[in-house]
Amino acid sequence: MQAKRLSKAQRLSLTTLPQAIIETILCLLPIEEAARTSILSREWRYKWTTIPKLVFFQSTVKTLTEGWHLSNRKKISFLEEKRRNKERRCKLFYAIQQVLLQRQGPIHEFTLSMEADKTCFEIDHIILHLSRNHTLKRLTLDLEEPCFNHPYGLPLSVFSLRHLTDLYLEYCDVDLKPIFNGLGSLTSLTLKKTWISRETLLHLLSSCPSLKSLCLSSYLILVYSFAWAFKLT
């Protein structure tokens, strides 16, 4: 009886938490763990669909054969690793799609960390969805280089995120078109291992009047590589 009463008390305390505290708790959890809180109670069933911050890591995605190789201590081949990465990528994009479809609130921050190259058109679809349906303020594309392929080409839809204040790009190819009108709200810009021409960089900086912080680390301007970071005043 005592355990049963405690369980009811726990459920009551969960349902009476202020929304701001619930959002803070959920934002601290990986998205898959946040989604699992839907089983806590009827009131919590859709709480995770309203958190304003979404973070996705490819490294947290497991493949079917991963556990078998670990238990048997077998060294995997290059082809097997490549197959696994493709499987992780498919699972990750499926999970992102499902989360976006169930959204019941605005998204203010979005982070994606994964291996990506010019073939990752799925990222284009995600960014386009965010630009059309949410007032995104922070965007982080923390991408990794898979086997020295050409980097992921940043879509034009990124530059239609009018409310964006923070933009972090790693291993991306940035090529602005003449129609680019700037990011008026952008205050912080980080370009790491990013392919960008001198003309494009100057065009980008001159089109962000509110920019206060700029970090360029190992970025490429044509064939040059630098490490440069400073504050704009």
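Predicted model: local features only at pLDDT ≥ 70, side-chain atom pairs only at ≥ 80, totals over all residues.
Q: Is E87 buried or exposed?
A: E87 has a relative accessible area of 16%.

Q: Which residue forms a salt bridge with E87?
A: The closest N and O atoms of the pair are 3.6 Å apart, and a salt bridge needs them within 4 Å. The partner of E87 is K91.

Q: What is the relative accessibility of K91?
A: K91 counts as partly exposed. That class lies between under 20% and over 50%. The value for K91 is 34%.

Q: Why are R36 and E33 separated by about one helical turn?
A: R36 forms a salt bridge with E33, the closest N and O atoms being 2.7 Å apart. R36 is partly exposed at 49% relative accessibility, and E33 is partly exposed at 36%. They are about one turn apart because both lie in helix α3 (residues 31-36), at a spacing of three residues.

Q: How many salt bridges does the structure hold?
A: Side chains of opposite charge can pair when their charged atoms come close. The pairs include R36 with E33, E87 with K91 and E122 with R89. The count for the structure is four.

Q: What accessible area do I21, I25 and L29 have together?
A: These residues form a nonpolar patch on the surface. I25 belongs to helix α2 (residues 19-27). I25 is partly exposed at 35% relative accessibility, and patch members need over 30%. Together, I21, I25 and L29 have about 220 Å².

Q: Which residues are exposed on the face of α7 turned away from its buried side?
A: In helix α7 (residues 198-206), T200, L201 and L204 are buried. They cover an arc of only 100 degrees around the axis, so they lie on the same side of α7. The face turned away from that side carries the exposed residues E199, L202 and S206.

How values were computed. Residues numbered from 1 in each chain as written. Heavy atoms only, no water. Patch = residues over 30% accessible without salt bridge, like charges linked within 9 Å, V, L, I, M, F, W, Y side chains within 5 Å. Areas by Shrake-Rupley, 256 points an atom, 1.4 Å probe, with all protein chains shown as cover. Salt bridge = Lys/Arg side-chain N within 4 Å of Asp/Glu carboxyl O. Helix = DSSP H or I, 4+ residues; strand = E, 2+ residues; numbered from the N terminus. Buried < 20%, exposed > 50% of the residue type's maximum accessible area, 1.4 Å probe, protein only. Arc of directions from axis to C-beta.
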